[in-house]
Amino acid sequence: MSFKIDRGLFKYDFIDHHAILCVPVDADVKEIRKRYLQIARRLHPDSRFTESDEQKQLGNELLSKLVNPAYEKLAGDRTRTEYILILSQIGKRLLQESASLTLTTDLAKELAKSPNFDHVYKSAIAKLAQSQYDSLDQVQQVLAQISELNLVYLMRSASKTSAAPPPAQPKVQSGTPQPSTPKNTLPEPVPAPVPAPPKEDTVVEQYVRRAQSLIDKNQFAQAKVELQDALKLEPKNSRCHSLIAMVYLRQNQLKMAKIHFENALKLDPSDEMALQWKPKIDKALAQHPSDHKVTSSANNGDKQPDKSGSGGLFGGLFGGKKK
């Protein structure tokens, strides 16, 4: 069975995982897991003894094709963060197109006008969650209704965060007489400037931050995965090239480290990390052209240097002791 929904966020060829689980778009992992377990118990074939085989099959399809993928997307820290960033961008787009949006449900229309939209939204989501999967034949209509609420909420949230500051006072032109301050009165205090909202990290910046944290913990294999994903999005990011070069260097894969340091310098000739380490790698490779082979470690899956002889190039570059 195919699940075709043409309202709410779904009509933008976007899978609304929050609508599938019927949780608010700002729900935390604990709330998401609790809701998923409730739905899974409801849809699991073993819990549906009084229903027909056709209904059991439909419940199983809803669970495997919609609910499980939604939970996998929202339960993982990285996938949920990326998904929330996409939702934020959709909200900004919806705000720009608000004049052409058509709402079909009374709940969505009420949410669009309500001054306390956050409370109205979460109350509506909680109420719909109570009966979302009671009638499996009506699930798609309920999902469309929930997704339309999510659409309005994202648009209202974007409007709230992008509200313009009060207009500045007009400047007084030269030669224009200025009103004098009455005696025994203090001048009006000058209002402090409104601080700019904090800049939201991009997806690549989040990859880099996680990778740096993993490198600090010597978890190089995981750090490399994060940086590879970042480079897929921004292949010309010099910072990513330098960091993944350091990962390869710590894994004693000197040729790969050299390649990425060279890429970093092509993109940013002043990259300090690349400037510091590339000459050392060039010198090490020139002195030991065959010593950059690596062996697998059974401890953590990272690649470690050959411990024979003088400790390998890794030990030499990082000041390791001879074995």
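## Nonpolar cores and salt bridges in a predicted model

In the largest nonpolar core, which has 52 residues, Val 67 and Tyr 133 touch the most other members. A nonpolar core is here a set of buried Ala, Val, Leu, Ile, Met, Phe, Trp, Tyr and Cys residues joined through side-chain atoms within 4.5 Å. Buried stands for under 20% relative accessible area, exposed for over 50%, and partly exposed for values in between (1.4 Å probe, protein chains only). At least two residues of this core come from each of helices H1 (17-21), H2 (29-43), H3 (53-75), H4 (77-96), H5 (106-113), H6 (117-129) and H7 (139-161). H7 gives the most, with eleven residues. Helices (H or I, at least four residues) and strands (E, at least two) are DSSP runs numbered from the N terminus.

This is a predicted model, in which local features need pLDDT of at least 70 and side-chain atom pairs count only at pLDDT 80 or more, while totals for chains, interfaces and linings use all residues. Residues are numbered from 1 along each chain as its sequence is written, and side-chain values use heavy atoms, with hydrogens and water left out.

Apart from neighbours within four places in sequence, Val 67 is in contact (heavy atoms within 4.5 Å) with Ile 20, Leu 21, Tyr 36, Ile 39, Leu 43, Leu 62 and Tyr 133. A second, separate core has 29 residues, among them Val 208, Ala 211, Leu 231 and Leu 243.

Side chains of opposite charge can pair when their charged atoms come close. A salt bridge is defined as a side-chain nitrogen of Lys or Arg within 4 Å of a carboxyl oxygen of Asp or Glu.

| Salt bridge | N to O distance |
|---|---|
| Arg 80 and Asp 77 | 3.3 Å |
| Glu 226 and Arg 210 | 3.2 Å |
| Asp 229 and Lys 232 | 3.9 Å |

Arg 80 and Asp 77 lie three residues apart in helix H4, and are therefore separated by about one helical turn. Arg 80 is buried at 17% relative accessibility, whereas Asp 77 is exposed at 54%.

The pair of Glu 226 in helix H9 (residues 220-233) and Arg 210 in helix H8 (residues 203-216) links distant parts of the chain, 16 residues apart. Glu 226 is buried, with a relative accessible area of 11%, and Arg 210 is partly exposed at 24%.

Within helix H9, Asp 229 and Lys 232 are three residues apart, and thus about one helical turn. Asp 229 is buried at 15% relative accessibility, while Lys 232 is exposed at 67%. Salt bridges with shared partners join Arg 78, Arg 210, Glu 226, Asp 229 and Lys 232 into one network.
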